[in-house]
Amino acid sequence: MIVSTPPATSGIGAGRYIESAEQPANTTTSVHELSTADGAKVTGVLRTVPGASTVVALMHPRQDLTHHVLVPELLARGFAVWTQGTRSVNNDLNLVHEQALLDVAAGQVYLRDNDFGSVLALGHSGGGALFAFYHEQAGLAPADRLTATPAGRPIDLAGADMPVPDGAIFLAPHPGQGQLLLRLIDPSVSDESDPLSVNPSLNPFDPANGFAEPPESSSYSAEFIERYRIAQRDRVARIDAVARDYVAESGRARAHFEVSGDPADRRAALAPRVMTVYRTDADLRFVDLSLSPNDRPYGSLFGRRPDLTDYGLVGFGRLTTPEAWLSTWSGLSSNAGFLRCAPGVQVPTLFVELTGDQACFPEDAAEMVNALGADDVVHVRVEGTHFGGPIRKGAPTGASLAAAEIGGWLADRFATDS
């Protein structure tokens, strides 16, 4: 049973994390360094219990999932668990999703080589789109896989061993880092160099536009919502254009160096263009609970006061290279969108929707489930918030309810000898 952390009484980001149970006493844990097909190093942790013949791999493109709340739950049910980081774990400044696929592949190869009877992928939150992207590319003939990132840099997926997992589990998957940011980005930023700049006509936190004092639910007009969403796409498109200009500038410097051999040209090619993207916590649904209604509490993934956290240091895509922006954070350019990749998921699939999710809303879940390419798809709904917290004080956590569903589904389809 997972025990919820008592809600903090202060702090605008309070209540995001929950405590996990103790892992079984007979758990064996080992740490492994792996080499990817392009020579990078990644680290994974394998936990197993006696008799486990099925292993579940948990990954996220940006976060360390070593202590994910589902780890002890799966072990207690007789399944081995693999948690692995990408080469960009906890530092997504230069996270390129196409490279992350090579990181996933290294883990999948390692697990296949360890003679587990079945290997499954479990993607929570952003891990959902990462694994959907991996399934899509791994399921293609090598010659049909992507050969370049959205920034135009070569990527050799064809030369990588990319085993297809035997099953897929998606827990509260959002539509992908870029698609998520497309909903969260604040279009009222009028000057990309000034975090306080505001176009009043698009300000989501102005009472004149429908904002109400927290925690009262705001109420935005259909006209404002339409203008807001168009302006969000427009802002992402403008940032895309800047990123592509930087990419082209670096490309010209590389080309000059190949001809000149001048170290000045090489320095120009190597010099990072780190982009700062302000105010990315402003989905209208965070504060207007009548939009895409579900059981979610007031607030965002980052805290109870989006009108404050939108202006804070922590946020999606805050610091990024142009290549990482185009590959990961741009909802207009990234390849790693769940809906784009879902038809390539063709193995037995469990989709766990959390009824109080603040990132995967009911219409999103329905659309994603319908897009999955597998013949065997099970869609379940359990009470909980995006990170697996409880809907209300005293209620079971979403993580514990999801674990029960996942454990039952695994037991029905994948063997364990324990």
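Biologist: Which backbone nitrogen does the side chain of Asp310 reach at 2.9 Å?

Modeller: A polar contact is a pair of N or O atoms within 3.5 Å; within protein, one must be able to donate a hydrogen and the other to accept it, and residues adjacent in sequence count only if both atoms are side-chain atoms. Here the Asp310 side chain reaches the backbone nitrogen of Asp281 at 2.9 Å. The backbone nitrogen of Thr280 is reached at 3.3 Å. This is a predicted model: local features need pLDDT of at least 70, side-chain atom pairs count only at pLDDT 80 or more, and totals for chains, interfaces and linings use all residues. Residues are numbered from 1 along each chain as its sequence is written, and side-chain values use heavy atoms, with hydrogens and water left out.

Biologist: Is Asp310 buried or exposed?

Modeller: Buried means under 20% relative accessible area, exposed over 50%, partly exposed in between (1.4 Å probe, protein chains only). Asp310 has 0%, so it is buried.

Biologist: What order do the strands of the open sheet have?

Modeller: Strands of a sheet pair through backbone hydrogen bonds, either parallel or antiparallel. Strands (E, at least two residues) and helices (H or I, at least four) are DSSP runs, numbered from the N terminus. Two strands pair if DSSP finds at least two bridges between them. The eight strands run E1-E2-E4-E3-E5-E6-E9-E10, with mixed pairing. E1 (28-35) and E10 (377-385) stand at the edges; each has a single partner strand, so one side of each lacks a neighbour in the sheet.

Biologist: How many bridges join E2 to E4?

Modeller: Four, and the two strands run antiparallel. Gly44 stands opposite Gln84 in E4.
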